[in-house]
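These are my notebook entries from one sitting with the model.

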Amino acid sequence: MDKLAIQGGAALSGEIAISGAKNAALPILCAALLTPEPLHLTNLPRLNDIATLLRLLARMGVTVHDDGADALTLDARRLDHPVAPYELVKTMRASILVLGPLLARHGEARVSLPGGCAIGARPVDQHVKGLQAMGADIRVEQGYIEAKAGRLKGARICTDMATVTGTENLMMAAVLADGETVIENAAREPEVVDLAKCLIRMGARISGVGTDVIAIQGVERLGGAEHAIMPDRIETGTYLCAAAAAGGSVRLTRTSAACLDVVVDKLMDAGCDVELERNAICLKAPARLKSVSLRTAPYPAFPTDMQAQFMAINSVADGVATIRETIFENRFMHAGELARLGADIQIEGGNAIVRGVKQLQGATVMATDLRASASLVIAALAARGETVIDRIYHLDRGYERLEEKLSQLGARVERIRNAPPQGQG
Ligand code: EPU
């Protein structure tokens, strides 16, 4: 298993380009299942999660043509095996996003239940309930969702909570359904909007995206399209936090602050100087950060995917911050690892109380999930001495060329390849 060795204490400076958004790319790749015509995508991030999903789509009969750099063409003309097996789904929950499109176009699907994951139970009951309301016959047998449908029928669906992939799955099912579907309490995340833009280019009729009521008029068939994936707002936020914690001044290009308002505001509250350009963001860190309290909630509030990174910056800020996590019940695992570096964090139910310390010290830590890993990288950059982060396969799932980008900003980061597991020499 690869590890990352980071020598902390170097301020960051320079410019890097932000990649396409993982959480927009994943549903958009699944949208290729909805049409027999080619879907051409650009600004795709090269990540392990994307590679896993492409393997899954290829097994279903989708032809994947690599157009070089960040571009791909998918062709689902010969979609003939509508199955998402356990081996692939267990490594990536987003595989559940094939369920809606498969049912809509193929009339059947067999998708392994994603089950729990490190950050919480994460059920998919809302996906299933919505598809049933559209006329699908769904059973769970031997750990698989077995779904069948004739042509899906438009329905009025109100989800119990705003769910991002739930809204995406139902929207993809509804685009080929007979009649109108209305999704109430829909997720408003920018990635849902990016998926809708791609579907509209393919011929779908969707209104209300970006609000909590989305209306979809089903059409008989969708065609091919070209679409550029939106920039990754969480990758952007992560590098801004890295510069805030390590000190220095950075410019992030090929991105935008349009979907990052609350994150940028919090960084300014922490004392950072942030300048916004049309397709770039510059951040200059203060000599010493001020702590900032926050509460995660669905978009447009503070994103749960940035909570861990802000725990890291609060660890080295002046003052006491309260961080409240309201989306996932077990998303504080990084607190224990940050404590190994000397952070002072107390967990009380869904709250983390972070008392900033003068200086973190390098240590050996373990990555537990994707954003937790990002918080360890940020803390390591701010710490004195060397930090070794184990199990960085989590980072490879969601951050494209992380060491290369950090090195470009002057960080001292090295990947230790295939390090033997701890305790086995
Ligand atoms: N929920 C249910 N039932 C459902 C669906 C969701 O109870 O059928 C609950 C979840 O357990 C959670 C809440 O609803 O408590 C919201 O979860 P949501 O469905 O919105 O999460 P998701 O769609 O599984 C996506 C992102 C996550 C991100 C969340 C929240 C993708 C592929 N994943 O997950 O990204 O944290 O939305 O914004 O889009 C990450 O990138 O690190 C990541 C975890």
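Which residues of helix α11 (residues 333-340) are buried? I first noted the ground rules: the model is predicted, local features need pLDDT of at least 70, side-chain atom pairs count only at pLDDT 80 or more, and totals for chains, interfaces and linings use all residues. Residues are numbered from 1 along each chain as its sequence is written, and side-chain values use heavy atoms, with hydrogens and water left out.

**Entry 1: helix α11**

I looked up burial, where buried means under 20% relative accessible area, exposed over 50% and partly exposed in between (1.4 Å probe, protein chains only). In α11 the buried residues are H334, A335, E337 and L338. I took helices (H or I, at least four residues) and strands (E, at least two) as DSSP runs, numbered from the N terminus. The cover over the buried residues of α11 includes α10, β22 (344-348), β24 (364-366) and α12 (370-382). After α11 comes G342, and I read a positive phi for it, near 105°.

**Entry 2: α8 against α10**

Two packed helices are described by the angle and the distance between their axes. I used axes that are lines fitted to C-alpha atoms, for helices over the stretch in contact, with angles from 0 to 180 degrees between N-to-C directions. Helix α8 (residues 233-246) and helix α10 (residues 307-315) have axes that come within 10 Å and cross at roughly 5°. From α8 the contact (heavy atoms within 4.5 Å) takes I234, T238, C241 and A245, and from α10 Q309, F310 and I313. I sorted these residues into five nonpolar, two polar and no charged. In that sorting Ala, Val, Leu, Ile, Met, Phe, Trp, Tyr, Cys and Pro count as nonpolar, Asp, Glu, Lys and Arg as charged, and the others, Gly among them, as polar.

**Entry 3: aromatic pairs**

How many aromatic pairs does a search of the whole structure find? It finds one. The pair is F302 with F310, edge-to-face, at 5.1 Å centre to centre and 90° between the planes. The rule pairs rings of Phe, Tyr and Trp (its six-membered ring) with centres within 6.5 Å; planes under 30 degrees apart are stacked, over 60 edge-to-face and the rest tilted. I find F302 buried at 4% relative accessible area and F310 buried at 0%.

**Entry 4: salt bridges**

I counted 24 salt bridges, each a side-chain nitrogen of Lys or Arg within 4 Å of a carboxyl oxygen of Asp or Glu.

K405 and E235 meet in one of 2.7 Å, N to O. This pair links helix α14 (residues 402-408), which holds K405, to helix α8, which holds E235, 170 residues apart. K405 counts as buried at 2% relative accessibility, and E235 is buried at 1%.

D66 bridges to R46 at 3.3 Å between the closest N and O atoms. D66 sits in strand β4 (residues 63-66) and R46 in the loop between β3 (39-42) and α2, 20 residues apart. I list D66 as partly exposed at 46% and R46 as partly exposed at 38%.

D49 bridges to K22, with the closest N and O atoms 4.0 Å apart. D49 lies in helix α2 (residues 48-59) and K22 in helix α1 (residues 22-31), so the pair ties together parts 27 residues apart in sequence. Both D49 and K22 are buried.

Last, I noted a network of salt bridges linking D2, D396, E403, R415 and R417.
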